[in-house]
Amino acid sequence: MSQVVSTSLMLTGYLSFLLVGAAVFQALEQNYEKELKTDTFRQKLMFLENYTCLTKEAVEKFVEVMTEAFKNGVNPIENKTSNYSNWDFSSSFFFVETVVTTIGYGYLAPRTAGGQIFCVFFAMFGIPLNLIVLNHVGKTLSSCTDRLGKRLYSRGMQKKTVKILTIIFFVVIGVVLFLALPPLMFCLMEDWSYREGVYYAFITLSTIGFGDYVVGVNHKPYYRALVAFWILFGMAWLALLFNLLTTFYEDTEKKISKVHQKRKAAKAKKNTANGSQPTTPVSEEEVAMETEGTAQQATVSFLELDNSRPNSQLA
């Protein structure tokens, strides 16, 4: 399979994946958005009817001010005498963690000229540093699984069985520690549902960071600092998991290419045996691709993963 054809098929599959995702989100979210808009406008009209002393322009201005305040991380509902600050030390620590990890929730950002300039230089040096740290944390996590694999292998288990068990152990332990248990804490501390907690955990650790859910808003000064450490280890685990999936996709693609090359080679051999020239000659490049594909397996071994790649999915 030529490089052009392979790339075209990959781009087609990628575009199809995006189109299907867009269609699903449109089906799930558009009607809810329409209902929310209708309800919002109805509430505004009812407010104007109940308070006839207010003009529409005054209400619009008030809503605009409140919306701007919320966008800047200020809760309009809280009392003026509240001592809470988005920029106390623990909150600032949580903010810099979202900067260097490229999560970027978006609800909070520096507004002063000095803060914005400093943020640029801080991110310029902080993001590479964070990738290095994630790499080392990822190696530490993988070494735990390596030790488990060696113990199982020393007890006489087959190599293939050890590979499967270590992958299952890695996935299950990670899901429990970083995606299943933390939402229970979020339910308690944030008054979220468990579903919302799981959603927040994955959106955060995958660095998508929509900003629709953010922990520790308006309370719990040291809570965010603890969450920052959860993010660090959780991102390292999820990066390794993404690395496993990426390697699996690449190996699957090579296996498909291998099957295609074998069919071409068999067809060429058959034509040669019949005394005719092969309709599609097999080039040295194709033979090399087949040899390379033979060396890859669809079952990905966590023990054989290159530990230098755990952060490649987070850039």
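Contact here means heavy atoms within 4.5 Å. On that basis, 68% of the contacts in the protein with a separation of 6 or more are between residues 24 or more positions apart. The model is a predicted one, in which local features need pLDDT of at least 70 and side-chain atom pairs count only at pLDDT 80 or more, while totals for chains, interfaces and linings use all residues. Residues are numbered from 1 along each chain as its sequence is written, and side-chain values use heavy atoms, with hydrogens and water left out.

As for the overall layout, the protein has 9 helices and 0 strands; these are DSSP runs numbered from the N terminus, with helices being H or I over at least four residues and strands being E over at least two. Written out from the N terminus, the elements run α-α-α-α-α-α-α-α-α. Of the 315 residues, 30% count as buried, where buried means under 20% relative accessible area, exposed means over 50% and partly exposed lies in between (1.4 Å probe, protein chains only).

Now to the core. In soluble globular proteins, nonpolar side chains tend to be buried together. A nonpolar core is taken as a set of buried Ala, Val, Leu, Ile, Met, Phe, Trp, Tyr and Cys residues joined through side-chain atoms within 4.5 Å. The largest such core has 29 residues, and those with the most contacts inside it are Phe94, Tyr105, Tyr200, Val215, Val227, Trp230 and Ile231. At least two residues of this core come from each of helix H4 (113–154), helix H5 (159–180), helix H7 (194–205) and helix H8 (223–273). H8 gives the largest share, 12 residues. Val215 shows what such a position looks like: leaving out residues up to four places away in sequence, Val215 touches Phe94, Phe186, Glu190, Trp192, Tyr200, Tyr223, Arg224 and Val227.

Aromatic rings come up again and again. The structure holds 17 aromatic pairs, counted for rings of Phe, Tyr and Trp (its six-membered ring) whose centres lie within 6.5 Å; planes under 30 degrees apart count as stacked, over 60 as edge-to-face and the rest as tilted. One of the pairs is Phe93 with Phe229, which is tilted, at 6.0 Å centre to centre and 35° between the planes. Phe93 sits in helix H3 (residues 89–100) and Phe229 in helix H8, so this pair ties together parts that are 136 residues apart in sequence. Phe93 is partly exposed at 31% relative accessible area, and Phe229 is partly exposed too, at 47%. Another pair, Phe186 with Tyr200, is edge-to-face, with 5.2 Å centre to centre and 85° between the planes. Here the link runs from Phe186 in helix H6 (residues 182–190) to Tyr200 in helix H7, 14 residues apart. Phe186 is buried, with a relative accessible area of 0%, and Tyr200 is buried at 1%. Both Phe186 and Tyr200 also belong to one aromatic cluster, together with Phe94, Tyr105, Trp192, Tyr199, Tyr213 and Trp230.

Helix H7 also holds Val198, which is partly exposed at 31% relative accessibility. Setting aside neighbours within four places in sequence, Val198 is in contact with Leu179 and Pro183. For the terms, a 1 Å grid is laid over the protein atoms alone; a pocket is an open set of points where a 1.4 Å probe fits, with protein on both sides within 12 Å along at least five of seven lines, and lining residues have an atom within 4 Å of a point. The lining includes Phe17, Tyr32, Arg195 and Tyr213. Helix H1 (3–50) and H7 each give two or more residues to this lining, with the largest share, 5 residues, coming from H1.

Two threonines have a positive phi. Thr102, in the loop between H3 and H4, has phi near 65° and is partly exposed at 33%. Thr207, in the loop between H7 and H8, also has phi near 65°, but Thr207 is buried, at 14%.
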